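Subject: Structure for your review

Dear colleague,

Please find below the structure that I am handing over to you. My notes on it follow directly after.

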Amino acid sequence: MNYNTKNIFVLFALFISVIIVSRKTTKDSLTDYEISAKVINIYRDKNEHHFLFVKYSDDRVELLDYPYKLGDSISKKKGDSIEYIFRGDKIIQNNLFEKARKEKILK
């Protein structure tokens, strides 16, 4: 193998490795947290381009990525891909993997 072919092969292998690691990282990021809190505020932040944010009862603030409503109780265990939303007398299951596949973040 000449020097150029070897460099191209190494770059290609590195590129494939980055893709594999990023895919695993996406899956891990969807399952690697735990939450048990209530939605206490939903607001637009003028300092963050007027994006919607959600504030939980445990004082965490995040970008609103699911249409939560005020008073929703959110429950998710670490390692689980399903988030349970308790709204009134209903339990809504939010499958994070399905949502990521629809948004083409995950295959």
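Two strands are said to pair if DSSP finds at least two bridges between them. Please note that this is a predicted model. In it, β1 and β2 run antiparallel and are joined by 6 bridges. Within this pairing, Asp45 stands opposite Phe51 in β2. The hairpin of β1 and β2 has 5 residues between the strands, and His49 takes a positive phi near 60° there. Strand β1 also pairs with β4, again in the antiparallel sense, over 4 bridges. One of the facing pairs is Ser36 with its bridge partner Ser75 in β4.

The general background is brief: in soluble globular proteins, nonpolar side chains tend to be buried together. In this model, the largest nonpolar core consists of 11 residues, namely Ile35, Ala37, Val39, Val54, Tyr56, Leu64, Tyr66, Tyr68, Ile74, Ile85 and Ile92. At least two residues of this core come from each of β1 and β2 (51-56). The strand that gives the most to this core is β1, with 3 residues. A second, separate core has 5 residues, among them Leu30, Leu96, Phe97 and Ala100.

Tyr66 and Lys99

Tyr66 belongs to the largest core. If its neighbours within four places in sequence are left aside, Tyr66 is in contact with Ile85, Ile92, Asn94 and Lys99. Lys99 lies in helix α2 (residues 96-102). Is Lys99 buried or exposed? Lys99 counts as buried, because its relative accessibility is 19% and the cut-off for buried is under 20%. With the neighbours within four places in sequence again left aside, the contacts of Lys99 are Asp65, Tyr66 and Asn94.

Salt bridges

How many salt bridges does the structure hold? There are 5 salt bridges in the structure. One of them joins the side chains of Asp32 and Lys78, at 3.7 Å from N to O. This pair links distant parts of the chain, 46 residues apart: Asp32 sits in the loop between α1 (3-31) and β1 (35-45), and Lys78 in the loop between β4 (73-76) and β5 (82-87). Asp32 is partly exposed, with a relative accessible area of 48%. Lys78, at a relative accessible area of 53%, is exposed, because the cut-off for exposed is over 50%.

Asp58, Arg60 and Glu62 are linked in a network of salt bridges. The side chains of Arg60 and Asp58 meet at 3.2 Å, N to O. Arg60 also forms a salt bridge with Glu62, where the closest N and O atoms are 3.3 Å apart. As for accessibility, Arg60 is partly exposed, with a relative accessible area of 27%. Asp58 is likewise partly exposed, at 37% relative accessibility. Glu62 is partly exposed too, with a relative accessible area of 30%.

A nonpolar surface patch

Which residues form a nonpolar patch on the surface? They are Leu11, Leu14 and Val18, with about 300 Å² of accessible area together. Of these residues, Val18 has its place in helix α1.

With kind regards

Methods:
Residues numbered from 1 in each chain as written. Predicted model: local features only at pLDDT ≥ 70, side-chain atom pairs only at ≥ 80, totals over all residues. Heavy atoms only, no water. Salt bridge = Lys/Arg side-chain N within 4 Å of Asp/Glu carboxyl O. Buried < 20%, exposed > 50% of the residue type's maximum accessible area, 1.4 Å probe, protein only. Patch = residues over 30% accessible without salt bridge, like charges linked within 9 Å, V, L, I, M, F, W, Y side chains within 5 Å. Areas by Shrake-Rupley, 256 points an atom, 1.4 Å probe, with all protein chains shown as cover. Contact = heavy atoms within 4.5 Å. Core = buried A, V, L, I, M, F, W, Y, C linked by side-chain atoms within 4.5 Å.
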